Amino acid sequence: MENNMENQNTSSVKKFMHTAGSLSLIIAPLLLIIGWALNYDSFASFFGATFSNPYLTSGKSVPGQEFLATITGPDNGFRFFLLPHYFIYTAMPILIAVALFLAKILFKKAPWHALVGATLTTIGAVYFIGVLGAYLSLPALAGVPIDQTNLLLALNAVTAMKGVLFISIILSVLVFVGMIVLGFGFYKNRIMPRWSALFIIIGNILILAAAGTENFMVIGSLLMLIGLLPLSMKMLHADQSEI
């Protein structure tokens, strides 16, 4: 009787983890799409934004001034700063589930792709959460009773690309590098249709290449979602014996 209960519990947990993993393949890129799309207030502004290379322009912008204008706005930056990033913040731990679920499927045929991809995505997501947590706390400074000159100095100091923040930002991109590695594993071993694996690879490359240009990041996330969708549907409809 006790063994039957344990077996039932084990089976229920396995089924729950399988369903959660299958759904994570859809939920994570969907949250990224919503989060980055919310940076625009209209279709015109979305399609009007032009591509910019973040690696060539890094250090040329003044993030402190941008944050000052945002957090001292009418809604303290909620609509175009906090709200979009809440969705991305939520997506990151789910991306860890995506990587682990994909690694489980991939492991038998490509163990190194599975291990390296899942490890990089997990590390990147952890640091991405840390970076977002730091930035999402900045609007609290707007409530400090100091003049804007001193507030700008404070914002310049805490957003400067140096120290732990710089290291965290560099490591955070590994979340997408890991997904590319997993995509190559699936492409090479034909575990999913090759076009699906290509969409995952191209989507994450586009997110990396266009970091900071949100409309292109939306397109990259959409490609990732399309690539993962067939596998998600297949796993959701798998028989219990296949789990």
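A: What follows is a walk along that helix, then a look at some other parts of the chain.

A quick word on the ground rules. This is a predicted model, in which local features need pLDDT of at least 70 and side-chain atom pairs count only at pLDDT 80 or more, while totals for chains, interfaces and linings use all residues. Residues are numbered from 1 along each chain as its sequence is written, and side-chain values use heavy atoms, with hydrogens and water left out.

The chain has 11 helices and zero strands, where helices (H or I, at least four residues) and strands (E, at least two) are DSSP runs numbered from the N terminus. Read along the sequence, that gives the pattern α-α-α-α-α-α-α-α-α-α-α. The C-alpha atoms fill a box of roughly 70 × 45 × 35 Å along the principal axes. Of the 243 residues, 40% count as buried; buried means under 20% relative accessible area, exposed over 50%, and partly exposed in between, with a 1.4 Å probe and protein chains only. As for contacts, meaning heavy atoms within 4.5 Å, 80% of those between residues at least 6 apart in sequence join residues at least 24 apart.

Now to the part you asked about. Helix α11 covers residues 214-236, and S221 lies in it. S221 counts as buried because its relative accessibility is 0%. Setting aside residues up to four places away in sequence, S221 touches P29, L32, I33, W36 and I207.

Leaving aside neighbours within four places in sequence, S232 is in contact with S22, L23, L25 and I26.

Besides S232, S22 touches F101, M235 and L236, not counting residues up to four places away in sequence.

The axes of α5 (residues 78-106) and α11 come within 13 Å and cross at roughly 70°; axes are lines fitted to C-alpha atoms, for helices over the stretch in contact, and angles run from 0 to 180 degrees between N-to-C directions. The two helices are therefore roughly perpendicular to each other, on a scale where under 35 degrees is roughly parallel, over 145 roughly antiparallel, 65 to 115 roughly perpendicular and the rest oblique. V98, F101, L102 and I105 of α5 meet L228, L231 and M235 of α11. By class, this contact has seven nonpolar, no polar and no charged residues; Ala, Val, Leu, Ile, Met, Phe, Trp, Tyr, Cys and Pro count as nonpolar, Asp, Glu, Lys and Arg as charged, and the others, Gly among them, as polar.

Step past the end of the helix and you find A238, in the segment after α11. A238 is buried, with a relative accessible area of 19%. From A238 to I169, 69 residues apart along the chain, the C-alpha separation is 38 Å.

That residue, I169, belongs to helix α8 (residues 163-172), where L165, S168, I169 and S172 are buried. Seen down the axis of α8, these buried residues fall within an arc of 100°, so they line one face of the helix; the arc is that of the directions from the helix axis to the C-beta atoms. They pack against α6 (111-136), α7 (148-159) and α9 (174-189).

One last stop is in the loops. N76 lies between α4 (63-71) and α5, has a positive phi near 55° without being a glycine, and is partly exposed at 40% relative accessibility. R190, between α9 and α10 (194-209), also has a positive phi, about 55°, and is not a glycine; R190 is exposed, with a relative accessible area of 57%.
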